[in-house]
Amino acid sequence: MDSALRIALQKSGRLNEGALYLFKECGLEFQNGVGSRLLRCEAVNFPVEFLFLRDDDIPAYVQDGVVDAGVVGLNVVRERACRVEVADELGFGKCRLVLAVFKGAPYKCVRDLAGKRIATSYPRILKTYLDEKEIVAEIHQISGSVEIAPGIGLADAICDIVSTGSTLVANGLREIETVLHSQAVLVVQPHLPASKQALLARLRFRMQAVRRAGHTKYILLNAPNSRLGEIIGLLPACKSPTVLPLALEGWSSVHSVVEEDRFWEIIEKLKQAGAEGILVVPIEKMVI
Ligand code: PRT
Ligand code: ZN
């Protein structure tokens, strides 16, 4: 299947599940399912093949054209510094690369780390960050368990990934600065042939519809006609909310779409404006 799109996903780890979920929601089906033992699999209803790799290898595979695209953390893309295009942020695998020090240490910001030793698995990103701030520090590259470096006297600070922050706390560390915000991204080979670009565009269209739906909800409510204008004013919608008359005289049913993060704020205001019977339902796909 030469003309099929080839996409690299993480074989196992934090981004594997989110990536598979996203592609399944895009309607892709696989003959024998997708298990963690597989190294490659083809979709039966779309010309795409997935290769399962270590995340660290994905940027280079995309750059070299071994695969056409890949799903990987932005932190890995930046650290590998490969020539790939970051096409889309995918909304999962969110984390930050931060500078952290011992809770009791006197360092408050990156300037205080001038001349100090910083342990990290991200030497390139850290070096770029320090250079931008015109700070010279000693970068000590280690490949794992970075959080223990200050405790064993290996470093004065660390530069590592956090998501909840509980690993830092468990190791007696505190954050002093964020170096990079990261999440899973779709990276693409910059010189794809036109036929593959067209396939990728079709797939990205579906991925965007899934993502959009993921952070929006469909809302239905009953509104007294006397306050309809006020209630509609509270509701953002793709174009404008749908308003249908209720069998009960003087009332209407209003349907709209709200963003997940504005959701509670809007619901409270709607109630105050006299809305009743508010239903909020998930949206599966959203094509605009
Ligand atoms: O085997 P492979 O090489 O493919 O995987 P990996 O072990 O290198 O990576 P993996 O699966 O751990 O992470 C893949 C990607 O997930 C990372 O490159 C990030 O983009 C993203 N991600 C999101 C994270 C985290 N959250 C995260 N919390 N990657 C790592 N962590 C680690 C962090 O290093 C630290 O040890 O989790 C710990 C901190 O977690 P909290 O929740 O205590 O802050
Ligand atoms: Zn890795």
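A81 is partly exposed at 44% relative accessibility, where partly exposed stands between buried, under 20% relative accessible area, and exposed, over 50% (1.4 Å probe, protein chains only). A81 sits in the loop between α3 (74–80) and β5 (85–89); helices (H or I, at least four residues) and strands (E, at least two) are DSSP runs, numbered from the N terminus. The model is predicted: local features need pLDDT of at least 70 and side-chain atom pairs count only at pLDDT 80 or more, while totals for chains, interfaces and linings use all residues. Residues are numbered from 1 along each chain as its sequence is written, chains are lettered from A and ligands numbered from 1 in the order in which they are written, and side-chain values use heavy atoms, with hydrogens and water left out.

**Backbone angles**

- Most residues other than glycine have a negative phi, and most peptide bonds are trans.
- A81, a residue other than glycine, has a positive phi near 50°.
- S145 is not a glycine either, and its phi is positive at about 45°.
- S145 belongs to the loop between β8 (138–141) and β9 (157–162), and with 52% relative accessibility S145 counts as exposed.

**Zinc site**

- The zinc ion (ligand 2) has D55 (OD) and D56 (OD) as its protein donors, at 2.0 to 2.1 Å.
- Donors are N, O and S atoms within 2.8 Å of the metal (3.2 Å for Na, K and Ca); water is not among the atoms, so sites may look incomplete.
- The zinc ion (ligand 2) has 4 donor atoms with angles of 75 to 173° among them, and its site is irregular.
- Irregular is the remaining class: four donors count as tetrahedral if all angles lie between 85 and 135 degrees, and four count as square planar and six as octahedral if opposite donors are over 155 degrees apart and all others between 65 and 115.
- D55 is buried, at 18% relative accessibility, whereas D56 is partly exposed, with a relative accessible area of 23%.

**Ligand 1**

- Ligand 1 is surrounded by 23 residues, of which R54, N75, T164, G165 and T167 are the closest; a residue is near a molecule or strand if one of its heavy atoms lies within 4 Å of it.
- An oxygen atom of ligand 1 lies 2.9 Å from a polar side-chain atom of E147.
- A polar backbone atom of S163 is 2.8 Å from an oxygen atom of ligand 1.
- For G165, a polar backbone atom is 2.7 Å from an oxygen atom of ligand 1.
- Ligand 1 exposes 840 Å² when taken alone, and the protein buries 78% of that; accessible areas come from the Shrake-Rupley method with a 1.4 Å probe, and for residues only the protein chains shown count as cover.

**Side-chain contacts of D88**

- D88 is part of strand β5 and is buried, with a relative accessible area of 14%.
- The side chain of D88 makes a polar contact of 2.6 Å with the side chain of R204.
- The side chains of D88 and Q208 are joined by a polar contact of 3.1 Å.
- A polar contact is a pair of N or O atoms within 3.5 Å; within protein, one must be able to donate a hydrogen and the other to accept it, and residues adjacent in sequence count only if both atoms are side-chain atoms.

**Domains and distances**

- The protein chain is divided into domain 1 (5–92 + 183–213), domain 2 (95–182) and domain 3 (216–282), with bounds from an automatic or database domain assignment.
- Between domain 1 and domain 3, the C-alpha centres lie 38 Å apart.
- I158, in strand β9, is buried with a relative accessible area of 0%.
- I158 and Q272 are 114 residues apart along the chain, and their C-alpha atoms are separated by 49 Å.
- A198 lies in helix α6 (residues 194–214) and is partly exposed at 45% relative accessibility.
- From A198 to L180 there are 18 residues in sequence and 32 Å in space, C-alpha to C-alpha.
- N32, in the loop between α1 (16–25) and β2 (40–42), is exposed with a relative accessible area of 74%.
- N32 and V44 are 12 residues apart in sequence, with 9.9 Å between them in space, C-alpha to C-alpha.
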